[in-house]
Amino acid sequence: RNWNEEEDLCSLSIIAMASENKSSKVSFKIVLASDPKLPYKIVKVPEKAPFLAVVKYAAQQFKVKFETSAIITVDGFGVSTKQEAGTVFLKHGQELRLIPRDRVGGLNIASKSRLHDRALS
């Protein structure tokens, strides 16, 4: 196994441990905002599950890097992963968006430099 597989198994085991408490569950519709087709996954987890584990699981399902992704609301507000899933559900609702950060912010520095050089020519 490589590091990512172990990390994914850890995320799933955290969610599984939280579900053993027989607590209520919450359901999130997580949309991959970087894809024009706006694919989504429905994730149903115990309300006591760490939201960080939910985000890691969703990123794995979309095959994007968790480390370079952000979760936002439909209104565009960032969501902290340092909360329980139930708290996130109550504050922000069911529908959230996953954004790979490498696709946020437009041009990288090398592209800006080339555009600047072209403008000066």
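Helices (H or I, at least four residues) and strands (E, at least two) are taken here as DSSP runs, numbered from the N terminus. The model is predicted, so that local features need pLDDT of at least 70 and side-chain atom pairs count only at pLDDT 80 or more, while totals for chains, interfaces and linings use all residues. Residues are numbered from 1 along each chain as its sequence is written, and side-chain values use heavy atoms, with hydrogens and water left out.

Select Leu 38 to begin, in the loop between strand E1 (25-32) and strand E2 (40-46). Leu 38 is not a glycine, yet its phi is positive, at about 50°; most residues other than glycine have a negative phi. Its relative accessibility of 40% makes Leu 38 partly exposed, a class that lies between buried (under 20% relative accessible area) and exposed (over 50%), with a 1.4 Å probe and protein chains only.

Next, select residues 51-62, the twelve residues of helix H2, which reaches 17 Å from first C-alpha to last, close to the 16 Å expected at 1.5 Å a residue, where the expected span is 1.5 Å times one less than the number of residues. Among its buried residues are Phe 51, Val 54, Ala 58 and Phe 62. Just after H2, Lys 63 has a positive phi of about 60°, and Lys 63 is exposed, at 76% relative accessible area.

Finally, display Lys 48 and Glu 84, whose side chains form a salt bridge (3.9 Å, N to O), that is, a side-chain nitrogen of Lys or Arg within 4 Å of a carboxyl oxygen of Asp or Glu. The two residues are 36 residues apart, with Lys 48 in the loop between E2 and H2 and Glu 84 in the loop between E3 and helix H3 (85-92).
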